[in-house]
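Subject: Structure handover

Hello,

Here is the structure we talked about. Please open it and keep it beside this message while you read.

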Amino acid sequence: SQVELLFDASLSKYKNVIVNLGTQTQTVDLTLYSRTKIFNALNGTQTLSVFTTDGEVIFQKVINPTQNQQIKVKG
């Protein structure tokens, strides 16, 4: 499945966030990008988490394995 994350403008105060889905982790520079795509090739339900660089959880959502989604991430 493909998950597209659209970051709310209010999150730009964090500059960078860390996105985690299953075993995948990526850092997103919010000063350059307001969206990113993650491909979920893992089996089973996964938890999508968005953290600040100091570990504060901003957002979490359960992602089903075959479900394409566009998710608005707000802080």
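Which residue in E3 does isoleucine 18 stand opposite? The answer is threonine 27. Before going further, please note that this is a predicted model. The average pLDDT of the protein is 88, and 97% of the residues score at least 70. Confidence is highest in E2, with a mean of 94. It is lowest in E4, with a mean of 85.

The sheet

Start with the open sheet. Four strands make it up, in the order E3-E2-E5-E6. Their pairing is antiparallel. Strand E3 (24-29) and strand E6 (57-63) are the edge strands, and each pairs on one side only. From one strand to the next, the twist averages 15°. In general, the strands of a sheet pair through backbone hydrogen bonds.

Now look at E2 and its partners. E2 and E3 run antiparallel and are joined by six bridges. E2 also pairs with strand E5 (residues 46-52), again in the antiparallel sense, over five bridges. There, leucine 21 has leucine 48 of E5 as its bridge partner.

Threonine 27

Return to threonine 27, which lies in strand E3. Is it buried or exposed? Threonine 27 counts as exposed because its relative accessibility is 54%, and exposed means over 50%. Leaving out residues up to four places away in sequence, threonine 27 touches Asn16, Val17 and Ile18. Isoleucine 38 is eleven residues from threonine 27 along the chain, and their C-alpha atoms are 12 Å apart.

Two turns of the backbone

Check two positive phi angles next. Glycine 22 sits in the hairpin of E2 and E3, which has two residues between the strands. Its phi is positive, near 60°. Lysine 15 is not a glycine, yet it has a positive phi of about 65°. Most residues other than glycine have a negative phi. You will find lysine 15 in the loop between strand E1 (2-7) and strand E2 (16-21).

The core

Which residues have the most contacts inside the largest nonpolar core? They are Leu5, Phe7, Val19, Leu48, Val50, Ile71 and Val73. This core has 17 residues.

Take leucine 48 as an example. Setting aside neighbours within four places in sequence, its contacts include Val3, Leu5, Val19, Ile38, Phe59 and Ile71. Asn20, Gln60 and Lys61 are also among them.

Glutamine 46 is in strand E5 too. It counts as buried because its relative accessibility is 14%, and buried means under 20%. Beyond residues up to four places away in sequence, glutamine 46 touches Leu21, Gly22, Asn40, Lys61, Val62 and Ile63.

The salt bridge

How many salt bridges are there? The count comes to one. It joins the side chains of arginine 35 and glutamate 4, at 2.9 Å from N to O. The pair links distant parts of the chain. Arginine 35 is in strand E4 (residues 35-39), glutamate 4 is in strand E1, and they are 31 residues apart. Glutamate 4 counts as buried, at 13% relative accessibility. Arginine 35 counts as partly exposed, at 47%.

Best wishes

How values were computed: Residues numbered from 1 in each chain as written. Predicted model: local features only at pLDDT ≥ 70, side-chain atom pairs only at ≥ 80, totals over all residues. Heavy atoms only, no water. Pairing = 2+ DSSP bridges. Axes fitted to C-alpha atoms, helices over the stretch in contact; angles between N-to-C directions. Salt bridge = Lys/Arg side-chain N within 4 Å of Asp/Glu carboxyl O. Buried < 20%, exposed > 50% of the residue type's maximum accessible area, 1.4 Å probe, protein only. Contact = heavy atoms within 4.5 Å. Core = buried A, V, L, I, M, F, W, Y, C linked by side-chain atoms within 4.5 Å. pLDDT = per-residue confidence, 0-100.
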